[in-house]
Each structure stands twice: as structure tokens, then as C-alpha cells.
Amino acid sequence: MSNYTCTHCGTVGLMEGFIEDAGEHSRGYARWIEGALERGIFGGAKRMGRPRRQIEAFRCPKCGHLELFATGEA
């Protein structure tokens with residue numbers, strides 16, 4: 001449990017977790033990438049040269065609301 005407060009219902013003490021990326025060639029966790037989504041010629045997202053941050057997720061034990069934070073570089 002953390003000291004974070006749920007922005008939906010006000011409960012203090014969110015549960016830490018993570019959002020899994022189980023896609024092909026994934027690292028096992030989701031990342032936040034700066035800038036609007038742009039697609040390359042094969043339909044994938046253009047990511048080269050953009051800052052990336054790992055996503056930390058916290059869940060409210062009372063209402064289930066998720067709070068996401070883009071933290072350290074990934």
C-alpha cells in the first residue's frame with residue numbers, strides 16, 4: 001500500500017502494480033512515449049529518438065480506479 005490518494009473516491013492507500021505488455025517482442029511492461037502517435041509505413045508507432053518512461057500503476061482497493069504515473073526512463 002502507498003500513501004497515494006485516489007482521485008476518484010478519496011481513499012488513501014492505493015495498491016501498487018503494473019500494466020503488462022504481452023505483445024510480440026515486448027519487455028513485459030508498458031511504457032509512455034512522449035509526443036502524439038505517428039504511424040510508420042508498416043503501421044507501427046514511430047518511436048525513434050523519443051523519450052520513454054516506465055509506467056507505474058496504482059489501484060484503489062475501494063473503487064478499483066487506476067492511477068498511472070510515468071516515472072523513470074525506460
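What follows is a chat about surface, charges and contacts.

Me: What kind of model is this, and how are the residues numbered?
Reply: This is a predicted model, where local features need pLDDT of at least 70, side-chain atom pairs count only at pLDDT 80 or more, and totals for chains, interfaces and linings use all residues. Residues are numbered from 1 along each chain as its sequence is written, and side-chain values use heavy atoms, with hydrogens and water left out.

Me: Let's start with salt bridges. How many does the structure hold?
Reply: The term stands for a side-chain nitrogen of Lys or Arg within 4 Å of a carboxyl oxygen of Asp or Glu. Here you get one. R50 and E38 make the salt bridge through their side chains, at 2.9 Å from N to O. The two partners are twelve residues apart, and R50 and E38 both sit in the loop between strand 2 and strand 3.

Me: And what counts as a strand?
Reply: Strands are DSSP runs of E with at least two residues, numbered from the N terminus (helices are runs of H or I with at least four). In this model, strand 2 covers 31-33 and strand 3 covers 52-59.

Me: Is R50 buried or exposed?
Reply: Buried means under 20% relative accessible area, exposed means over 50%, and partly exposed is in between (1.4 Å probe, protein chains only). R50 has 19% relative accessibility, so R50 goes down as buried.

Me: What does the E67 side chain pair up with, then?
Reply: A polar contact is a pair of N or O atoms within 3.5 Å; within protein, one must be able to donate a hydrogen and the other to accept it, and residues adjacent in sequence count only if both atoms are side-chain atoms. The side chain of E67 has such a contact with that of H65, at 3.2 Å. Plain contact just means heavy atoms within 4.5 Å. Leaving out neighbours within four places in sequence, E67 has contacts that include T5, C6, L14 and F58.

Me: Which residues form a nonpolar patch on the surface?
Reply: Patches are made of residues with over 30% relative accessible area and no salt bridge: like charges are joined within 9 Å, nonpolar side chains (Val, Leu, Ile, Met, Phe, Trp, Tyr) within 5 Å. Accessible areas come from the Shrake-Rupley method with a 1.4 Å probe, and for residues only the protein chains shown count as cover. I19, L66 and L68 make up the patch, with about 250 Å² of accessible area together. L66 has its place in strand 4 and is partly exposed, because its relative accessibility is 46%.

Me: What is there to see before strand 1?
Reply: Both S2 and Y4 are in that segment. S2 is buried because its relative accessible area is 15%, and its side chain reaches the backbone nitrogen of Y4 at 3.2 Å. Y4 comes out partly exposed because its relative accessible area is 38%. Not counting residues up to four places away, S2 touches G13, L14 and F58.
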